[in-house]
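Please look over the fold and the helix packing of the chain below. The report works from the overall layout down to single residues.

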Amino acid sequence: MHRPKIFQFFALLWTVVITVLSLTTVSIGAIGSSIPIENKDKIVHFLFYFIFVLLWNLSQHKKTTIKIISILIVAIFYGAIIEILQGFTATRTADFFDFFANTLGAVLGTLLCLNKPKKFKTN
């Protein structure tokens, strides 16, 4: 199996994980509830979309600036749609600062992909 196909599988899986965790209530012993970090959920949002962008970029056979920017745009719209959908759930609420954290993670992930040294590229 080619490396991009493996990354495509993980990118799809990660997208499903983000969707499920963002739109449902997950109660596994209140993960991280004892960690005394203010706004730690924003860190999670940042990491979700940072990893989202990295995985989708790694899944591309040929990386071009247009593809990398397209993935950024998809990530931003995906984050916006998820936040809007949270407003229609019983246990979640839409939050502009979550959307901001999503976008920041996607932008920084994109910058990393745009500036990645050639020796680490998958193609």
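## Basis

This is a predicted model, in which local features need pLDDT of at least 70, side-chain atom pairs count only at pLDDT 80 or more, and totals for chains, interfaces and linings use all residues. Residues are numbered from 1 along each chain as its sequence is written, and side-chain values use heavy atoms, with hydrogens and water left out.

## Overall fold

The chain has four helices and zero strands. From the N terminus, the order is α-α-α-α. Helices (H or I, at least four residues) and strands (E, at least two) are DSSP runs, numbered from the N terminus.

The chain has 123 residues, of which 32% count as buried. Buried means under 20% relative accessible area, exposed over 50%, and partly exposed in between (1.4 Å probe, protein chains only). Contact means heavy atoms within 4.5 Å. Among contacts with a separation of 6 or more, 79% join residues 24 or more positions apart.

## Helix 2 with helix 4

Helix 2 spans residues 40–58 and helix 4 spans residues 96–114. Their axes come within 7 Å and cross at roughly 35 degrees. Axes are lines fitted to C-alpha atoms, for helices over the stretch in contact, and angles run from 0 to 180 degrees between N-to-C directions. The crossing of helix 2 and helix 4 is right-handed. A crossing is right-handed if the near helix is turned clockwise from the far one by less than a right angle, and left-handed if anticlockwise.

On the helix 2 side, the contact residues include His45, Phe46, Tyr49, Phe50 and Val53. Helix 4 answers with residues including Ala101, Leu104, Gly105, Leu108 and Leu112. By class, this contact of helix 2 with helix 4 holds twelve nonpolar, six polar and three charged residues. Ala, Val, Leu, Ile, Met, Phe, Trp, Tyr, Cys and Pro count as nonpolar, Asp, Glu, Lys and Arg as charged, and the others, Gly among them, as polar.

## Helix 3 with helix 4

The axes of helix 3 and helix 4 come within 9 Å and cross at roughly 165 degrees. Helix 3 is therefore roughly antiparallel to helix 4. Angles under 35 degrees count as roughly parallel, over 145 as roughly antiparallel, 65 to 115 as roughly perpendicular and the rest as oblique. The crossing of helix 3 and helix 4 is right-handed.

Helix 3 contributes residues including Ile68, Ile69, Leu72 and Ile76 to the contact. Helix 4 contributes residues including Phe99, Ala106, Val107 and Leu114. The contact of helix 3 with helix 4 has eleven nonpolar, five polar and two charged residues.

## Helix 1 with helix 3

Helix 1 covers residues 3–23, and helix 3 covers residues 65–86. Their axes come within 10 Å and cross at roughly 25 degrees. Helix 1 and helix 3 are therefore roughly parallel to each other. The crossing of helix 1 and helix 3 is right-handed.

Thr15, Ile18, Thr19, Ser22 and Leu23 of helix 1 meet Tyr78, Ile82, Leu85 and Gln86 of helix 3. By class, the contact of helix 1 with helix 3 has five nonpolar, four polar and no charged residues.

## Nonpolar core

A nonpolar core is a set of buried Ala, Val, Leu, Ile, Met, Phe, Trp, Tyr and Cys residues joined through side-chain atoms within 4.5 Å. The largest one has 16 residues. Ile18, Tyr49, Phe52, Val53, Tyr78 and Ala106 have the most contacts inside it. Helix 1, helix 2 and helix 3 each give two or more residues to this core. Helix 2 gives the most, with seven.

Which residues does Tyr78 touch, not counting residues up to four places away in sequence? They are Thr15, Ile18, Thr19, Tyr49 and Phe52.

Leu85 lies in helix 3. Leu85 is partly exposed, at 38% relative accessible area. Leu85 and Leu23 are 62 residues apart in sequence and 7.4 Å apart in space, C-alpha to C-alpha. Thr64 sits in the loop between helix 2 and helix 3. Thr64 also counts as partly exposed, at 38% relative accessibility. Its C-alpha is 8.9 Å from that of Leu114, 50 residues away in sequence.

Leu112 belongs to helix 4. At 43% relative accessibility, Leu112 is partly exposed. Leaving aside neighbours within four places in sequence, Leu112 is in contact with Phe50 and Leu54.
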